[in-house]
Amino acid sequence: MGSEHTAKAFDTDLQELTRLVAEMGGIAERMIVDSVDALIRRDVALGQRVVTIDAELDALQKRIEERAVLTIARRQPMAVDLREIVGAMRVATDLERIGDLAKNMGKRVAALDADFHPLKLFRGLEHMTDLVQQQVKSVLDAYAAHDLPAAMAVWKGDEEVDAICTSLFRELLTYMMEDPRNISFCIHLMFCAKNIERIGDHATNIAETVFYMIEGQAITDKRPKGDMTTFATTVPNT
């Protein structure tokens, strides 16, 4: 009876952790979309809302961490059960970082006060965002369903995002060389493109967590990456 009660209590704790991670995922996905919409439409109020809502994401991540630690202390889970708890904490950490990257883009909206409005660049940014947002959604679905093939599809798809990012970067350089007045605007967009690319990296991290949860080990294959050499050396992490 005691062990059955413990198992039920553990399942309840795990369900609550999964629910909190799903709530975090919903907020993070919305933040990605809203931050880029705010940039493209120069909507300062929407950008500010993204900045403000990040506090909710941070609070949820803390709740997940506290709940996970308490569950480990109370239930002393082993093997696969322990990996479920560790997995929830890892996913929450990646979602919190995704929120920080979206918040950074939201903050940049107010700085884009130029008349310069290059449609081609914005289309590239939108396309990249659509891809990354779909990656985040797919990997969170894979996490919830313990769907390893779906998680691995996200893990293998990161290269396409890197390729678009590199192409966008080259376009931005061209605009900056053509007219020095575009430099400030293009640098802001460059940081935003880098942030979106890094959000894609966090989706890949979550895919690796799903692999760890199911297989009980880390992925040994090298992560597929596009050629980001020039981009990485020119645009520092912020």
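Helices are DSSP runs of H or I with at least four residues, strands are DSSP runs of E with at least two, and numbering starts at the N terminus. The model shown is predicted; local features need pLDDT of at least 70, side-chain atom pairs count only at pLDDT 80 or more, and totals for chains, interfaces and linings use all residues. Residues are numbered from 1 along each chain as its sequence is written, and side-chain values use heavy atoms, with hydrogens and water left out.

**Figure 1**
The protein chain has 8 helices and 0 strands. Along the sequence the pattern reads α-α-α-α-α-α-α-α. Its C-alpha atoms fill a box of roughly 75 × 40 × 25 Å along the principal axes.

**Figure 1. Confidence along the chain.**
The predictor's confidence in each residue, pLDDT, runs from 0 to 100. Its mean over the protein chain is 88, and 90% of the residues reach 70 or more. Residues 228-234 have a pLDDT below 50. Beyond near neighbours in sequence, that stretch makes 12 contacts in the model. A contact means heavy atoms within 4.5 Å.

Of the 238 residues, 50% count as buried. Buried means under 20% relative accessible area, exposed means over 50%, and partly exposed lies in between (1.4 Å probe, protein chains only). The accessible surface of the protein chain is about 11,700 Å². Carbon and sulfur atoms supply 54% of that surface. Areas come from the Shrake-Rupley method with a 1.4 Å probe; for residues, only the protein chains shown count as cover. Among contacts with a separation of 6 or more, 86% join residues 24 or more positions apart. The mean positions of the 28 positive and 38 negative charges lie 2 Å apart. Lys and Arg count as positive, Asp and Glu as negative; His and the chain ends are not counted.

Most residues other than glycine have a negative phi. Ala79 has a phi near 45 degrees, a positive value. Ala79 belongs to helix α3, residues 79-108. Its relative accessible area is 54%, so Ala79 is exposed. His146 also has a positive phi, about 55 degrees. His146 sits in the loop between α4 (119-145) and α5 (148-156). At 36% relative accessible area, His146 is partly exposed.

**Figure 2. Gly106, a buried glycine in α3.**
Gly106 lies in helix α3. Its relative accessible area is 6%, so Gly106 is buried. Leaving aside neighbours within four places in sequence, Gly106 is in contact with Ser35, Gly47 and Val51. Asn205 is 99 residues away along the chain, and the C-alpha atoms of Gly106 and Asn205 are separated by 23 Å.

**Figure 3. Glu56 and Met24.**
Glu56 is found in helix α2, residues 44-75. With a relative accessibility of 45%, Glu56 counts as partly exposed. Met24 is 32 residues from Glu56 along the chain. The C-alpha atoms of Glu56 and Met24 are separated by 8.5 Å.

Gln15 lies in helix α1, residues 2-41. Its relative accessible area of 58% makes Gln15 exposed. Gln15 and Thr166 are 151 residues apart in sequence and 40 Å apart in space, C-alpha to C-alpha. Glu126 lies in helix α4. Glu126 is partly exposed, at 35% relative accessible area.

How values were computed:
Charge placed at Lys NZ, Arg CZ, Asp CG, Glu CD.
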